[in-house]
Each structure stands twice: as structure tokens, then as C-alpha cells.
Amino acid sequence: MSAGSDSPAGAGSEDGGHAPQASADDGDEEQRPKKKQRSFWKELPILIGIALVLALLIKTFLVQAFSIPSDSMQNTLQEGDRVLVDKLTPWFGSEPERGEVVVFHDPAGWLEGEPTLEPNPVQRVLGWIGLMPSAEEKDLIKRVIGVAGDTVECKGTGPLKVNGKALSEESYVYPGNTPCTVDDTGGQFKVKVPEGKIWVMGDHRQNSLDSRYHQNDTNGGMVPVSSVVGRAIVVAWPPTRWSTLPVPDTFDQNLSAAAPGALGLAGAVPLVLWRRRRLLAAEGPRVSGTGTAG
């Protein structure tokens, strides 16, 4: 029996078993129907859905487009410009800084009575996902002049001062405008910006209803930091207007308000040293004279 299992016949049978098996497998592969590639039209809704989700996420967390509705920021921004606003930075606790151009929600009825265009359904959808500016959101865009703790003032036609230091605004204030406006409705002022607020002004000084002209509202003309959507970083449309929106050089000077305590300490140290020096000078001759007399 054991010899029979090792016989040439058995070996032949084993070789013969391999060949038919391979042939059968090849046949199965040939007979198996190939997967049909999904048509472009079936994949199109999926691609559109992914694109919409991505656009919504970008609008919510990264960048959103806004349309400029007026001339209050000329010549930095023109009516009809589209700007891209950085919404990511505030998520990390960053607050607006002097010189930045920011978009913010209407803080206290600044846009009350302003006409708004009724968007069509397509514009409504595109605005909702951030592919075009939303017509329903009541937002404004201005330049940050003062932050918490700053004292901002205008006397006569200017210059505009922050913590007693004059700003050189020729690079961005509308040509022909004066930095300060001589009127009795808000153009002449001296205000201190409280914690959690900012003071904003338009670059077209004589054509901007900004913080100056809302000092009687609930915020005293200030804009709550919580109302700021983000910083405008670039003019994206039209292509002929493409440009970045950097902070002007005049804001690079040290504009910080000095703390009263720090000023007092700075003044006290020289005074103490001077008095100590006087005492030592007076004490020296007296000790010497006493020694001589003894």
C-alpha cells in the first residue's frame, strides 16, 4: 500500500492535477465581468457635495469673502471690491491690532436704515457657503485706530493722536481729506478705549460714519472685540485691484500707553538717587569735621 502511493502513476496524477486547476482559474478570470467605471455624471454630484463641504469649512474656520458696500475706506478699498478675511487667527486668541483693516458685525445699529439688496436663491446659497459675500450679514469694514487702554484724540484738522503720539496717515487717508474733521457731531473728540473694545475709523475721513459718530450708542462708539469677524488681508477682486492690506508704517512706532505706576516708578528712582547723593555729600564733611575736632 505504501509502495502504491509512491508509484509513477500517482506522480502522474499529481502533475495532471496542477495543469487543469490553473486552466480553470484562468477561465474564471476571463469569464468574470469587469467592474464598470462610474460615469462622470454619476460622480459629479459627489464631487459637488465635497466641494460645498470644503467651502463651508473654509468659510467657517479659515477665510471668507466680503464685498465693500461703500466708499468709506477709499482709496484703500473701493466700492465693489471683494476682500478675503482671515477668520483663523482669532480662533487662537489673537485680538485686533492698531492699523489693521477689520470686518465686524454691526455693533449697535450703525447700519440702521441702510438699504440692503435682496439676493436671489443662487446668491443666497453661494453666500451661505462662502463662495460669494453674504447679502444678509450686516457687517462693516474699518481700520483699527485704538485698542484697549489707548487714548485717541482729534483736535482741529489733526493730526490724529494715539496716546499723545501723532500718526502720519498720508499713505492711506483719502487724498484731500484731513486726518480729523472739524464738526460738532463727533469729529472733535478725546476718548479712552476700554477693555474688550476697539476704536475704528474709515480711511475716507470726511465720508465715514465710524466710531466718531456713534459715541452716543451703547458702546460709546467702540466696537466689541467679540463682534470682529477677522482681519481683511487681501483685495481679491477685481483682478486689476489685487493687493495686500498691510499695517501702515506709522503704527510701528511705540504707541502703547505707559502705565501710571511705571511712570511714577521711573520718576521716583532718579529722585531717590539724587536725595541719597545729597545726603552723602552733606554727611561727608560733617563726619570729617567731627574727626578733626576730636
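Student: How many helices and strands are there in the protein chain?
Tutor: The model is a predicted one. In its protein chain, the elements comprise 5 helices and 12 strands.

Student: What share of the residues in the protein chain is buried?
Tutor: A residue counts as buried when its relative accessible area is under 20%. The protein chain has 294 residues, and the buried share of them is 32%.

Student: Which cysteines does the disulfide join?
Tutor: The structure holds 1 disulfide. Its S to S distance is 2.0 Å, and the two partners are cysteine 154 and cysteine 180.

Student: How many residues apart in sequence are the parts that this pair ties together?
Tutor: Cysteine 154 belongs to strand β5 (residues 151-154), whereas cysteine 180 sits in the loop between β7 (165-166) and β8 (189-192). The pair therefore ties together parts whose separation in sequence is 26 residues.

Student: Is cysteine 180 buried or exposed?
Tutor: Buried means a relative accessible area under 20%. Cysteine 180 has a relative accessible area of 1%, so cysteine 180 is buried.

Student: Is the disulfide left-handed or right-handed?
Tutor: The torsion about the S-S bond of cysteine 154 and cysteine 180 is about -75 degrees. Because of this torsion, the disulfide is left-handed.

Student: Which strand gives the most to the lining of the second largest pocket?
Tutor: This pocket has a volume of about 210 Å³ and is lined by 14 residues. The lining divides into 5 nonpolar, 4 polar and 5 charged residues. With 3 residues, the strand that gives the most to the lining is β11 (residues 228-237).

Conventions: Residues numbered from 1 in each chain as written. Predicted model: local features only at pLDDT ≥ 70, side-chain atom pairs only at ≥ 80, totals over all residues. Heavy atoms only, no water. 1 Å grid on protein atoms, 1.4 Å probe; cavity = no way out; pocket = protein on both sides within 12 Å on 5 of 7 lines; lining within 4 Å. Points joined across faces, edges and corners; volume = space filled by probe spheres on them. Helix = DSSP H or I, 4+ residues; strand = E, 2+ residues; numbered from the N terminus. Nonpolar A, V, L, I, M, F, W, Y, C, P; charged D, E, K, R; others polar. Buried < 20%, exposed > 50% of the residue type's maximum accessible area, 1.4 Å probe, protein only. Disulfide = S-S within 2.5 Å.
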